[in-house]
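Hi everyone, thanks for coming. Please take a look at the structure on the screen, and then I'll walk you through it.

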Amino acid sequence: MVAETTLSPADFIAPLFITEGMGVKEEIASMKGYYRMSIDNAILEVEELWSLGIKCVLLFIKCSDELKDNKGTEALNPIGLMQRSIRAIKNALPEMVVMTDVALDPFSIYGHDGIVEGNEIVNDATVETLAQMSVSHAQAGADFVAPSDMMDGRIKAIRDALENNGYTKTGIMAYSAKYASCFYGPFRDALDSAPGFGDKKTYQMDYANRREAVKETLMDVEEGADIVMVKPAMAYLDIIREVKDSVAVPVSAYHVSGEYAMIKAAAQMGWLDENKAILESLTSIKRAGADLIATYFAKDAAKLLLNK
Ligand code: PBG
């Protein structure tokens with residue numbers, strides 16, 4: 001009766017990793033119980049998520065090595081894996097909100113989120129590609145594009161490109177305060193997208209910084225973001241609160257792959273009660289101020305909440 005925070009399946013955004021093929025369901029080594037799936041299996045998964053009250057999926061694709069280059073050419077392919085996945089899922093379940101990852105790393109021979117020149121990840125040329133990529137996702141039927149790249153000025157460029165191409169109803173969920181974090185390690189296994197040289201600190205944020213998160217988020221809102229995001233979540237609960245108190249748009253938080261892996265590993269050892277750890281973690285993220293939580297525990301948590 002006096003609980004200040006309650007979780008519901010509609011709070012969750014379920015990330016999906018999609019790979020080429022038919023009937024494929026491969027467990028990700030560092031993310032026990034989480035899978036890369038071909039489109040046919042992804043559709044079954046989306047139907048199950050919907051039946052549990054989850055209303056949103058966030059798509060990531062695993063690009064084949066031979067299609068990778070420095071410019072993210074494959075990201076713009078109208079019949080690329082991402083574009084086919086969007087169409088297939090929207091076709092199977094039109095009401096499911098489909099969000100798509102916008103960044104070059106899965107398509108990059110360097111595993112970087114942007115175009116590489118010398119040793120530098122170049123901002124402006126990347127922004128142009130991200131804007132085209134967003135239009136291509138909107139064309140395929142995406143409801144929201146979710147730029148996770150952290151280039152400067154990309155939200156405005158994406159908004160303008162969407163408007164100019166008639167996609168006035170496509171939303172933008174901006175990864176606004178995304179930190180250069182070691183907790184993304186398992187995700188990079190999932191997509192085979194670890195940076196080939198250097199790190200991501202020239203575009204992702206320094207985890208020592210708090211005010212910068214507010215500055216970055218306000219810029220994204222000004223540029224046209226409909227939802228802003230803080231990432232990772234549990235080591236950044238103060239940032240989630242700070243951002244929540246600074247903006248009037250919905251705030252999401254990404255409970256990332258390393259946070260998932262930590263709970264899974266400890267539970268596997270018998271050192272933590274997995275179900276309790278899931279609900280406590282997600283409730284604390286919501287209590288901190290997240291309206292939406294992207295989490296690999298979306299399905300498990302929904303089942304726990306529904307006692308299924
Ligand atoms: C890259 C991207 C990353 C994640 C989402 N998009 C990794 C990175 O920035 O290197 C991480 C998600 C997770 O760890 O669960 N654009």
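Let me start with how elements are named: helices (H or I, at least four residues) and strands (E, at least two) are DSSP runs, numbered from the N terminus. With that in hand, find D192, in the loop between helix 5 (185-191) and helix 6 (211-223). D192 has a positive phi of about 55°, yet it is not a glycine. Most residues other than glycine have a negative phi, and most peptide bonds are trans. A cis peptide bond joins K231 and P232, with omega about -10°. P232 belongs to the loop between strand 10 (227-231) and helix 7 (237-244).

A word on the source: this is a predicted model, where local features need pLDDT of at least 70, side-chain atom pairs count only at pLDDT 80 or more, and totals for chains, interfaces and linings use all residues. Residues are numbered from 1 along each chain as its sequence is written, and side-chain values use heavy atoms, with hydrogens and water left out.

Now the whole chain. It has ten helices and twelve strands. Its C-alpha trace spans about 50 × 45 × 40 Å along the principal axes.

On to the ligand. How many residues surround the ligand? There are 17, and the closest are R188, K200, K231, S257 and Y296; to count, a residue needs a heavy atom within 4 Å of the molecule. What about polar contacts, meaning pairs of N or O atoms within 3.5 Å? A polar side-chain atom of K200 lies 2.7 Å from a ligand oxygen atom, and one of S257 also lies 2.7 Å from an oxygen atom of the ligand. For Q204, a side-chain N or O atom is 2.8 Å from a ligand oxygen. Taken alone, the ligand exposes 400 Å², and the protein buries 100% of that (areas by the Shrake-Rupley method with a 1.4 Å probe).

Notes:
Polar contact = N/O pair within 3.5 Å; in protein donor to acceptor, adjacent residues only side chain to side chain.
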